[in-house]
Amino acid sequence: MEELVEEVLLRFPPADPASLVRAALVCRRWRRIVTGPRFRRRYRDLHLHRGGSPSPPMLGFLSSAGAGTRFVPSSTFRPAPLFGGWRALDARHGRALLRRDTGHDAPVDCELAVWDLAAGRRTDLPRLPWAPHYPYSWNAAVLCSAAAAACDHLDCSGGGGVHFLVVVVDTNHAEMFAHVYSSETGTWSAPASARHPDDNVDFAPSALAGNALYFAFQTGAAALEFDLRTREMAVVRLPPPRFDWQRVVLAARDDGLLGLATAGKSTIYLWAREARRPGDGNWVQTRAIELDTLLPAGAISAFPDVVSFVDGVGVVFVRTGDGLFTIDLKSLQVTKVSRDTAFSSIFPYISFHTPALEVASTGEGPSSGA
């Protein structure tokens with residue numbers, strides 16, 4: 001019965017999109033089921049609400065090292081290879097933000113592009129008009145253009161027709177600035193500006209919590225807050241660091257509030273921001289996770305380092321002398337995802353867009369690992 005076939009196919013894991021391609025190749029009737037709008041809607045509704053998690057699965061992560069970026073899969077999804085010296089700056093809502101230096105005066109001599117991994121499409125951005133100020137430090141983020149509105153981000157990429165924004169923040173000797181690019185208009189906005197706390201923006205992963213983007217400063221004592229609705233900036237004070245060398249990784253919590261993670265000698269410390277008022281930084285430590293009992297024996301041969309925090313999913317990336325590990329904060333399940341530790345940044349790729357549905361329907365599209 002077709003209804004029973006659909007119920008079976010609905011339970012294929014979203015982290016294995018290639019399985020839907022194989023199912024669609026069984027016969028025309030199965031292909032019609034898999035590529036139909038009813039199946040697409042039910043498939044996402046089922047897996048989004050299973051286990052109470054509203055987030056799409058993590059299909060892999062982007063690892064930047066040297067002059068390039070590679071995709072490390074945690075599923076059967078395989079995007080087309082990325083060539084040309086592009087490095088990842090951010091990844092969110094099914095897209096990745098890339099940079100490529102074209103001269104010695106970065107970031108002035110720098111190109112930006114947005115990569116839709118599922119569609120295999122790269123959009124080159126126009127040069128950012130930095131003048132009249134010269135940036136001492138900078139960072140950037142990519143996000144769905146409806147991030148500040150009611151969007152479930154299920155069709156933000158892969159040709160879903162949803163536009164994106166790129167936010168670039170930078171500092172000079174006295175001020176911090178924010179520039180916004182819209183794919184809908186194809187232009188950069190006039191820069192917003194505010195005073196900054198005599199600090200430089202770090203190249204750490206940004207965080208989207210509520211209607212604001214957050215970028216850590218290099219000292220780890222504060223973060224730059226950019227309100228997506230008002231286009232205003234503020235400085236959020238962070239908890240006092242336990243160590244001078246401590247790295248701070250910002251992320252959105254399950255409840256939508258801003259959180260952060262840091263690492264001690266063998267412990268991960270999780271914090272949550274209590275206040276929602278711009279610039280207000282009331283923090284409370286929510287957990288302390290001992291790594292000695294979680295990681296394999298001998299894994300902590302050097303000080304651990306929290307290098308990334310998956311927004312809204314509750315997964316942290318921890319680097320040790322033995323490799324790169326992910327830790328699920330709910331189940332405390334540990335997975336070693338890479339032996340390589342020679343990378344500058346990690347950006348998880350979270351997406352519920354299943355390229356297998358388009359491939360099965362048209363016989364064309366990016367590689368899906370089938």
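Trainee: Which residue forms a salt bridge with arginine 38?
Mentor: The partner is glutamate 6, and the closest N and O atoms are 3.1 Å apart. Please keep in mind that this is a predicted model.

Trainee: Which parts of the chain does that pair tie together?
Mentor: Arginine 38 belongs to helix α4 (residues 37-49) and glutamate 6 to helix α1, so the bridge ties together parts 32 residues apart in sequence.

Trainee: Are those two residues buried or exposed?
Mentor: They fall into separate classes. Arginine 38 counts as partly exposed because its relative accessibility is 47%. Glutamate 6 counts as buried, with a relative accessibility of 10%.

Trainee: What does arginine 42 form with glutamate 7?
Mentor: Arginine 42 forms a salt bridge with glutamate 7, with 2.8 Å between the closest N and O atoms. Arginine 42 lies in helix α4 and glutamate 7 in helix α1, so this pair ties together parts that are 35 residues apart in sequence. Arginine 42 is partly exposed at 26% relative accessibility, and glutamate 7 is also partly exposed, at 27%.

Trainee: How many salt bridges does the structure hold?
Mentor: It holds 14 salt bridges.

Trainee: Where does UniProt place the F-box domain?
Mentor: The UniProt record, an unreviewed entry, places the feature "domain: F-box" at residues 2-41. In the model, that span is 68% helix and 0% strand, and its end C-alpha atoms lie 17 Å apart.

Trainee: Changing topic to the rings: how many aromatic pairs are there?
Mentor: A search of the whole structure finds eight aromatic pairs. In one of them, the rings of phenylalanine 39 and tyrosine 43 have centres 5.6 Å apart and planes at 25 degrees; planes under 30 degrees apart count as stacked, so this pair is stacked.

Trainee: How many residues apart are phenylalanine 39 and tyrosine 43 in helix α4?
Mentor: They are four residues apart, so about one helical turn separates them. Phenylalanine 39 is buried at 1% relative accessibility, and tyrosine 43 is buried with a relative accessible area of 2%.

Trainee: What about phenylalanine 71 and phenylalanine 77: how are their planes set?
Mentor: The planes stand at 90 degrees and the ring centres are 5.8 Å apart, so the pair is edge-to-face. Phenylalanine 71 counts as buried at 16% relative accessibility, and phenylalanine 77 counts as buried at 0%. Ring pairs link Phe71, Phe77 and Tyr349 into a cluster.

Trainee: Over which ring does arginine 319 lie?
Mentor: Arginine 319 lies over the face of phenylalanine 343, at 4.5 Å from the ring centre.

Trainee: In which strand is serine 345, and what does it touch?
Mentor: Serine 345 is in strand β24 (residues 345-350). Leaving out residues up to four places away in sequence, serine 345 touches Leu62, Ser63, Ser64 and Ala88. Serine 345 is buried, at 7% relative accessibility.

Trainee: How many helices and strands does the chain come to?
Mentor: The protein chain has five helices and 24 strands. Of its 370 residues, 52% are buried.

Trainee: Where does pLDDT stay under 50?
Mentor: That happens over residues 363-370, for which the model has 20 contacts beyond four places in sequence. Where pLDDT is low, the predicted coordinates should not be read in detail. For the protein chain, the mean pLDDT is 82, and 83% of the residues reach 70 or more.

Technical notes: Residues are numbered from 1 along each chain as its sequence is written. This is a predicted model: local features need pLDDT of at least 70, side-chain atom pairs count only at pLDDT 80 or more; totals for chains, interfaces and linings use all residues. Side-chain values use heavy atoms; hydrogens and water are left out. pLDDT is the predictor's confidence in each residue, from 0 to 100. Contact means heavy atoms within 4.5 Å. A salt bridge is a side-chain nitrogen of Lys or Arg within 4 Å of a carboxyl oxygen of Asp or Glu. Helices (H or I, at least four residues) and strands (E, at least two) are DSSP runs, numbered from the N terminus. Buried means under 20% relative accessible area, exposed over 50%, partly exposed in between (1.4 Å probe, protein chains only). UniProt positions are given in the numbering used here, feature names are shortened, and annotations may be inferred rather than shown by experiment. Rings of Phe, Tyr and Trp (its six-membered ring) pair if their centres lie within 6.5 Å; planes under 30 degrees apart count as stacked, over 60 as edge-to-face and the rest as tilted. A charge sits over a ring if NZ of Lys or CZ of Arg is within 6 Å of the ring centre and within 35 degrees of the ring normal.
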